[in-house]
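These are my notebook entries on a two-chain model. I set out to look up confidence, the interface and the annotated spans, in that order.

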Amino acid sequence: MSLTTGPAAPQAAAVDKSPHGGGKAGRNRRGNRSLSKHNLTGWLFSTPFLVLFGVFMLFPIVATFLMSFTDFGARNVTRPLEAEFVGLDNYTQLFQDDKFLKALFNTGYFVIVGVPATIVLGLLAAILLNNGIHRARTLFRVGFYAPVVTTIVAVAVVWRFVLDPSDGLIASLASEVGLTAPDFLGSETWAMPSLITMAVWRNMGTVMVLCIAGLQAIPTDVREAARLDGAGAWQELRGITIPLLRPTLLYATVITTIGYLNVFEEPFVMTQGGPSDSTLTVSLDMYREGFNFFHMGYASAMAYVLFVVIMGITVLQLRLLKDNTR
Amino acid sequence: MTAETVEKTPESPVHPARRRTGRGRTPLLYVIASVALLVMAAPFLWMALSAFKTKQDLTANPPVWIPSRWTLDNFTALLDQLDMPQYFLNSLIVAVLVTVSNLLFCSMLGYALAKLDFTGRSKVFALVLAALMVPGNLMILPLYVLMNGLGLIDTYAGLVLPFAAGAFGVFLMRQFMQSVPDELLEAARLDGAGEWYIFWRIVIPLVKPALATLTIFTFLGSWNNFIWPLIATNDPGKYTLPVALATFANDPNRTVGGGNGMLMAGSLLVVLPVLAVFAVLQRHFTQGIATAGLK
């Protein structure tokens, strides 16, 4: 990689030539030399990141917060300071907005069904590939993880076909055995389960990889001892694998929950929130209010409500699951 | 290719020493794993095969898996109608810039957090950890206003800057750099080496596996990124591949039969490089997820 050469070379050479000169200068005040030197270099090494971070992350986070108390609209995109302060209006309006409440409900639905399914399937895949399978492991892992690294748009293109009611994969498989598949994406009942299935298919690999790493950290003699004591596969799973994998499962649950609470791409590319808002999620609602209707103040309030929900649930999960270990 | 290998595995002999761990159920497990793999891979296989199908095959009912006649028409039609090379180039430029800047800035801060004892270090680290938890959607609204104000909509800078330095990279680099022995750095300091020299010539070469991991994650993250390029580009000339593909997919003028073939061909072109890179480097991937996940 080019990182080891390049701009550092001249500087490095200069340092190499004058080891004594550099040493002498510092020798008189050896007491706090090391600390103050590290203070300066520490901040120099931090500055580029912190500048980018401040401008493109911290500032927008604060700005979203401030915007959520204004009537920030289309004209304010070019004149942001002319937005008017409206207090808590956006927030009170949100909780009377049936569409937003539906989005909140849909997001909850996505999380409550999607997270357990993703975790259980990911864990099972990990156990299968780590403990059951020895040949062609790489092939299986790549196959199971491939959906994670695939562009959502390409995934959507294929899944739209899989779910198509007239000539889709599932529809034609069903017709061969004499069944009629529902119009998955066009039905208020089926659209959400379809998107959840797709999300589980897509994200299971992440949980699997995490669990494989966790499984490999479990000493084999623990397993062997259990086996000598006559533990069956189920007992081994409940008594050893799951308890020892708890930190991994906790982490996987938390990141999957955060991801699903933010779910945007699946409904955006598959259903645009329809039919009749049955797949409208909070992030999609926020995007639409913000960028289609330019109700940016209102959308900002939505973003913050979602943020508070995410933080609350994350903290709760960490507490609950940690207490369980005791 | 995948399907063939899969079908063979159940019959493949199991190493005698390993049979014990499977407790005699190994063939069954291979069957389960192979079926699961087929389910996971079916959409990809369908996409890859459909890209080479004629209009007749694409609209056939019941659907045909293997093209009755292989054709490149979908690809030529796609390249005819869409400026694929330009989108590809846009995606590549953005991903390379994002990756290089992340490698540099995240390892610099990672080094400072792991090896330099400066006042405020713990606060900076807490900031990085907090940033890991903030959902990306929280900042896109003002980010759009900011980029618009700076005149960076429809520019590479507008696509790159918001992702130029991520908290995940800092966290990853810090974790790896902590394992570099302090004695090594102290020895170099005694020899009069400056911090930049130590960072660049000693620490960076020692954390190459971490840099490889970060490269893959950042590159793929940028390559697959969808929301921000969707917001930050209006000019089709600056579309990245996913945005171009999504626009094409939602275009009502796209002809039904041949259009679907083109869509599959386009998806294949977007996915193929990613899957190839991932298949080659998957070891680094798993290592990176494990490190980031388990401290």
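**Confidence**

I looked up chain A and found a mean pLDDT of 83, with 87% of its residues at 70 or more; pLDDT is the predictor's confidence in each residue, from 0 to 100. I noted that this is a predicted model, in which local features need pLDDT of at least 70, side-chain atom pairs count only at pLDDT 80 or more, and totals for chains, interfaces and linings use all residues. I also noted that residues are numbered from 1 along each chain as its sequence is written, that chains are lettered from A and ligands numbered from 1 in the order written, and that side-chain values use heavy atoms, without hydrogens and water.

For chain B I read an average pLDDT of 84, with 86% of the residues scoring at least 70. The predictor assigns the complex an ipTM of 0.82 and a pTM of 0.83.

I then compared elements, taking helices (H or I, at least four residues) and strands (E, at least two) as DSSP runs numbered from the N terminus. In chain B, the lowest is helix α1 (residues 2–8) at 39 and the highest is helix α9 (residues 156–160) at 96.

Where does pLDDT stay under 50 in chain A? I found that it does so over residues 1–34 of chain A, for which the model has 23 contacts beyond four places in sequence, a contact being heavy atoms within 4.5 Å. In chain B, residues 1–22 stay under 50, with 24 such contacts. Where pLDDT is low, the predicted coordinates should not be read in detail.

**Interface**

The contact draws 110 residues from chain B and 105 residues from chain A. About 9600 Å² is buried between the chains, 76% of it on carbon and sulfur atoms; buried area is the accessible area (1.4 Å probe) that two parts lose on being put together, summed over both. Met40(B), Leu138(B) and Leu141(B) supply 8% of the area that chain B buries against chain A, more than any other three residues. Helix α16 (residues 256–294) of chain B gives the most to that side, with 17 residues.

**Annotation**

In an unreviewed entry, UniProt places "domain: ABC transmembrane type-1" at residues 104–317 of chain A; such annotations may be inferred rather than shown by experiment. I computed this span as 75% helix and 0% strand, with its end C-alpha atoms 19 Å apart.
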